Amino acid sequence: MNLISILSADNRSSVSVMINNNFRETLYTNESRSHSKVLPVYIKKLIDKYNLSKIDGLVVSIGPGSYTGLRIGLSLAKGIAFSKEIPLLPISTFEIVNYNINNQNDYSILIHSHRNCYFRQEYINSEKVGKAQVVDINDIKDTTIYYTGNEKYQNKQSNHIKLILDSETMLKIGLEHF
C-alpha cells in the first residue's frame, strides 16, 4: 500500500510517505504559518523522489488544532484525492497523539487552540470519555496531561508531558484503517 500523510494541525507542517507498507520519509518544517507554502512542495518532492505513479490513499489531520492550518491541509488533500480518485482518510489530532501513549491510567490529551486555551479530551484506560472541550491548561491539576503546541507554554507541572505531532504516526494509523 502506498500512502501519503499530511499533517497541518499545528505549527509543524509535515508530509510522510509509505511505499509497499514501509515507511520511507518525512519532510517537515517548524516555520510558523507556512502550511500553504511547504505542503504542496513536500508532496511533489516525495512523489518525484520515489517515482510514485500509484497512490492508494491520503491520510490527513482533521483537528482539533490550528484552524487555518487544518483548512489548508484538508483543502490540499481533498483536491489531490478528487483529482486522482483515491480515498481520503481523516484522522483526529487526538487519535494521532493517543496512538503513541502507553498509559493505562486516567489522562487527558490537550491540543493547543490559542493563548493558554487547549482542546481537551479525557481518557480512561486509553478510551475516550465524554466530548472534547476547551480549557485553560493551567486549570488542570490532578491528572496526567499529554499536550501539543504552544511553544511559549512552560511545563510547570511534572504531570504535563509535551508531545510532538508527526505524520509518520498518521501513516501507521492510516494503514490500520485502510
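Here are a few questions and answers on a predicted model and the terms used for it.

Q: What makes the size of the protein agree with a compact globule?
A: With 178 residues, a compact globule would have a radius of gyration near 16 Å, and the protein has 16 Å, so the two agree. Along its principal axes, the C-alpha trace spans about 50 × 30 × 25 Å.

Q: Why are S4 and S5 called paired strands?
A: Pairing takes at least two bridges, and four join strand S4 (residues 57-61) to S5, so the pair qualifies. The two strands run parallel, with Val-59 standing opposite Leu-89 in S5. Between them the chain passes through helix H2 (residues 67-84), making a right-handed β-α-β crossover.

Q: What makes one face of S5 covered and the other uncovered?
A: In strand S5 (residues 88-91), Leu-89 and Ile-91 make up the covered face, while Leu-88 and Pro-90 lie on the uncovered one.

Q: What do the buried residues of H4 pack against?
A: Helix H4 (residues 167-177) has Ser-167, Thr-169, Met-170, Leu-171, Ile-173 and Gly-174 buried. Their packing partners include strands S1 (3-7), S2 (13-19) and S3 (22-29), along with helix H3 (93-99).

Terms used: Residues are numbered from 1 along each chain as its sequence is written. This is a predicted model: local features need pLDDT of at least 70, side-chain atom pairs count only at pLDDT 80 or more; totals for chains, interfaces and linings use all residues. Side-chain values use heavy atoms; hydrogens and water are left out. Buried means under 20% relative accessible area, exposed over 50%, partly exposed in between (1.4 Å probe, protein chains only). A crossover is right-handed if, with the strands pointing away from the viewer, the path from the first strand over the helix to the second runs clockwise. Contact means heavy atoms within 4.5 Å. The radius of gyration is taken over C-alpha atoms; the globule rule is 2.2 Å times the number of residues to the power 0.38.
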